Amino acid sequence: MGPERPLLPPAAALPSGLTGDLGPQPHRVKPRRATHSAGAINSHSTSPLTLPTGPGDAISLSENSSSSFPIAFRSRDDCALSPERLDLDRRGLEECPLLEGMGRLRLLNFQHNLITHIHNLSHLRHLAFLDLYDNHISQMSGISALASLRVLMLGKNRIQRICSLDNLTKLDVLDLHGNQISQIENLSHLSELRVLNLAGNCISRVDNLQGLDSLTEINLRRNCISTVTEVDQLPCLQRLFLSCNSITSFDELACLGESCSLYELTLDGNPVALETWYKQAALRCVLQLRQLDMKRVTEEERRMACVTARKEDEKKRESHKQAMHKEKRRLAIRNAALQWEGVRACLELPAQNGAKEEISPHPQVCVLTVCFSVCSRLLEAGGVNLQSLSLSDSHLAELDGETLRLFGLGALEALERGWGVQTAGAVTVIAFRYIHFDAIVPTLPRIRVKFPNLSHLIFLETNVSRLPQLAALAQVRRLDQLTIHPEGNPVVSLSLWRSFLIYRLHHFNLHKINNLEVTMNDMISAERLFGTLGHIAATETPRCRLLVLLEESRKRQLQFLLEGRGRRAGLSPEELRDNGKLLGEGLSRALFNYPSRDYLFHHKEIWDQDRLYIQAQVQRASDTNLKRESLYKLWPAMFMEMVRDCVLEMRDRPAFRQACLNRLSTQGK
């Protein structure tokens, strides 16, 4: 069937097996135009009017006094010549005439007339082909009784809605092109329909195609279609014409890829067809296509489309994998944050908003706030070169270029993994979040060894709350920049924290702290604040106490100086004094130390004994205090009884003196 032309000749358009009942039809004989005008045909003359036409189609029209419809008659010879066929093409008819004695008709042609309504056909029980192309019909009424109809031609009319097809279950071809239809509907029961022509209508969406199990061809040219659905539910569809519509993307044609029978497709005249990748995308969408836009698809084009399709599938799988990983990453960070909230509630950390206002009196507070906000977002968002090192429900360790991010306590295990020299050497920034600082401290010596180029540490939500904790950072080999976010780190609210950090990490020669430059004035101020205190601590602390407080390296230096080993090593007195001066400066800083977990473990037994002794002393003092309070309450009564007893004994003085002498004599013996 042509895409939009009416199905002519009528006999040629019939399904196979149907044309044999109508006699031989070798070729189409173009019907001759009637020489009478339309007015003459519909004149009020009572005499029958015979209209010249082809052989077997000569009819006579007359008016019926009891009806407004004209009556059509045929001679016996014409009926015998073509009893099942009647061609009323181009007769100027405004109504369907009453067809007297033509109940055997199987093919009826009303093309190119002026008919507005379909009437007088319900008695044609054997009618298989009805052609009403190019009329003025606005409603599909009057055809519901034609249960034997196989071909219905209603193209180029004024129909707005598809209806009245409930009883036409044998319909094989339905042509409704060139109408005003805006929706595909009421077709699901036509299980034998093979060809559907809806070109030149106002349809915007292809749907409601369920049940059309025999449909092999759909013509939807020249509509307003932007979305195509349910085509994959047509098991026999072979040809689909969608030219000259409003399809902008192959996403709107996704259902075509699920169709296994479609081999011919037209999409020319759509915005999507203007893209340079259009042809490959179409072949990728429907791999089995043989023709695209009326052009044969070559094997090379198909092969290239298959290769592109495989690449697209791999890309989609990788995209899906990345999306899944991104979701797992989000959940891991979220769960680590929830666990940290529980820890923070137990530690009773100050609220975030309260700490932010007392971060520092520096004039660039606004700049600091912006930097902290950017830092927080960078910790949450991953980069292009993101690599997961350890991922679970409650922790995440990932490497993003030169930055190693650790979320949650379990992420510290990533520091124990086997690191390649090149990979470890590339790490310059380590960011900790939702991890208690005391759990980070034991890993600092390993960080110093494993990441030789580390220059920046970031702490966010790590509960850095005391100045001695900052001293633990001295275990790192080198450090150029340090960021301690005020969120979850109460130490930042202390006014001297930055000065203490500069003094304690003087050997690092820090460049920036919380994105602020460390100036010479900052270093002098820090030395004035803590230098004197450190000197007094280094000179007044007993030797045994110094050995307990210092690290192993510092212990060896101290013993070297105190035991006079410098003299045995051949050092001059001047060199020994210089070394002592340097050692004193180092000791003054080293005494500001944060005890490690090993130190706490080794001294746990002593601390337990001390705790028991202190508890016993506290209990003894408490008991003594209770006795004192009881005596204070009872003493007045006891004193009165003592005075009364003395008065009673001394009332008889001679007897009292004699009794006293007797006791003395008894004691003397």
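A charge sits over a ring when NZ of Lys or CZ of Arg is within 6 Å of the ring centre and within 35 degrees of the ring normal. With that in mind, select Arg-290 and Tyr-263: Arg-290 lies over the face of Tyr-263, at 4.7 Å from the ring centre. Then move to Arg-417, which sits over the face of Trp-419 at 5.1 Å from the ring centre.

Before going on, a word about the model. The structure is predicted, so local features need pLDDT of at least 70 and side-chain atom pairs count only at pLDDT 80 or more, while totals for chains, interfaces and linings use all residues. Residues are numbered from 1 along each chain as its sequence is written, and side-chain values use heavy atoms, with hydrogens and water left out.

**The whole chain**

Zoom out and colour by secondary structure. The chain has 20 helices and 25 strands; these are DSSP runs numbered from the N terminus, with helices being H or I of at least four residues and strands E of at least two. Of the 669 residues in the chain, 41% are buried, where buried means under 20% relative accessible area, exposed means over 50%, and partly exposed is in between (1.4 Å probe, protein chains only). Taking contacts between residues at least 6 apart in sequence, 48% join residues at least 24 apart; contact here means heavy atoms within 4.5 Å.

**Helices 12 and 13**

Now select residues 497–504 (helix 12) and 520–540 (helix 13). Their axes come within 8 Å and cross at roughly 80 degrees. Axes are lines fitted to C-alpha atoms, for helices over the stretch in contact, and angles run from 0 to 180 degrees between N-to-C directions. The two helices are therefore roughly perpendicular to each other, on a scale where angles under 35 degrees count as roughly parallel, over 145 as roughly antiparallel, 65 to 115 as roughly perpendicular and the rest as oblique.

To see the contact, show side chains for Arg-498, Ser-499, Phe-500, Ile-502 and Tyr-503 on helix 12, and for Asp-522, Met-523, Ala-526, Glu-527, Leu-529, Phe-530, Gly-531 and Gly-534 on helix 13. By class, this contact has seven nonpolar, three polar and three charged residues. Ala, Val, Leu, Ile, Met, Phe, Trp, Tyr, Cys and Pro count as nonpolar, Asp, Glu, Lys and Arg as charged, and the others, Gly among them, as polar.

**Aromatic stops**

How many aromatic pairs does a search of the whole structure find? There are eight. Rings of Phe, Tyr and Trp (its six-membered ring) pair if their centres lie within 6.5 Å; planes under 30 degrees apart count as stacked, over 60 as edge-to-face and the rest as tilted.

Stay with Phe-500 and Phe-530. Their ring centres are 5.4 Å apart and their planes are at 75 degrees, so the pair is edge-to-face. It links distant parts of the chain, with Phe-500 in helix 12 and Phe-530 in helix 13, 30 residues apart. Both Phe-500 and Phe-530 are buried.

Next, select Trp-635 and Phe-639: with ring centres 5.9 Å apart and planes at 40 degrees, this pair is tilted. Both residues lie in helix 19 (residues 604–649), four residues apart, about one turn of the helix. Trp-635 is partly exposed, with a relative accessible area of 42%, and Phe-639 is partly exposed too, with 45%.

For another aromatic view, pick Phe-250, Trp-277 and Tyr-278, which form one cluster.

**Buried charged residues**

Go to Arg-302, in helix 5 (residues 299–347). At 16% relative accessibility, Arg-302 counts as buried. Leaving out residues up to four places away in sequence, Arg-302 touches Leu-283, Leu-287, Gln-288, Leu-289, Arg-290 and Val-297.

Asp-207 comes next, in the loop between strand 11 (205–206) and strand 12 (217–219). Asp-207 is buried, with a relative accessible area of 17%. Beyond its neighbours within four places in sequence, Asp-207 contacts Ile-184, Thr-229 and Glu-230.

Then find Asp-400 in strand 19 (residues 396–400), which counts as buried at 15% relative accessibility.

**Two positive phi angles**

Most residues other than glycine have a negative phi. Select Asp-134, in the loop between strand 7 (129–131) and strand 8 (151–153): its phi is positive, about 60 degrees, although it is not a glycine. Finish at Asn-463, in the loop between strand 22 (456–460) and helix 11 (467–471). Its phi is also positive, near 60 degrees, and Asn-463 is buried, with a relative accessible area of 5%.
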